[in-house]
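Hi everyone, thanks for coming. Let me put the structure up, and then I'll walk you through a few parts of it.

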Amino acid sequence: MRRALGALLLLAVALLPFVASCGDGDSVVIATTGDYHPFNFINSEGAIDGFERELGDELCRRAGLTCEWVVHDWETLIPDLGAERFDVILAGMSITAERETLIDFTDPYYPPRPSVYLARAGAGEEALRGRLGVTEHTIYSDYLEERGVAYVPLAGSVDAAAAVLAGEVDAVLVDHGYAVAKLAEHAGRLEAVGPQVRLDRGLGLGVRTGSELLGAFNEALDAMKADGTLNALIRRWLGEEAATFE
């Protein structure tokens with residue numbers, strides 16, 4: 001969904017000193033960013049929380065794995081996965097052909113849906129002729145750059161919807177799941193405007209090329225889809241309007 005290759009090829013940096021554990025099987029380290037509510041965030045108790053935290057814990061339980069969670073910088077997730085600093089990326093990462101040349105992705109845990117523009121309620125498509133904001137080093141910044149469209153770069157730690165509501169930008173291009181969650185959270189204050197844009201094939205867990213974890217997580221995902229657990233998790237965290245699996 002959200003972020004693209006761009007700065008992923010920067011030099012690796014050290015893992016942040018934050019670890020959380022679950023399970024009792026073979027040890028697996030999962031990296032997330034902790035800054036993408038409601039997918040992943042740090043809660044008031046200082047713990048990793050969100051849709052992806054709960055999803056990852058359930059996948060590890062079903063696969064019989066012990067999961068340790070670490071918070072990591074977005075820009076170096078892919079190179080540091082390759083450097084074996086951790087074993088899995090679960091951080092709102094879109095499945096794209098470009099990324100698949102570097103890592104393997106599981107089947108989607110959030111279905112592919114077109115990305116959308118969010119603006120303040122009542123702004124209409126006029127907002128798209130104003131200041132467009134997108135998070136840096138994402139599929140959205142790449143999309144606008146490829147088309148020569150000027151935009152206001154937003155740091156990864158900045159909530160795009162909050163930037164719109166604060167008047168820092170007039171509209172933001174974001175993924176479907178995030179848009180649904182923010183439209184519900186800020187009901188009556190935000191609206192979707194303009195065209196929808198299909199940029200990816202949904203969200204997936206990233207693992208090193210050839211990793212045996214790919215099969216284990218896909219099997220657990222299939223089971224969660226089959227028994228309805230994944231759809232229930234999506235709706236609980238992202239809202240009733242979120243995309244689900246048939």
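Predicted model: local features only at pLDDT ≥ 70, side-chain atom pairs only at ≥ 80, totals over all residues.

Residues are numbered from 1 along each chain as its sequence is written, and side-chain values use heavy atoms, leaving out hydrogens and water.

The largest nonpolar core has 47 residues, and Leu55 and Tyr109 touch the most other members. By nonpolar core I mean buried Ala, Val, Leu, Ile, Met, Phe, Trp, Tyr and Cys joined through side-chain atoms within 4.5 Å. Helix 6, residues 213-226, gives this core its largest share, 5 residues. Helices here are DSSP runs of H or I, at least four residues, and strands are E runs of at least two, numbered from the N terminus.

Apart from that core lies another of 14 residues, including Ile95. Is Ile95 buried or exposed? Buried, because its relative accessibility is 4%; the cut-offs are under 20% for buried, over 50% for exposed and partly exposed in between, with a 1.4 Å probe and protein chains only. Ile95 sits in the loop between strand 7 (88-89) and strand 8 (104-105). Its C-alpha lies 7.9 Å from that of Pro108, 13 residues apart along the chain.
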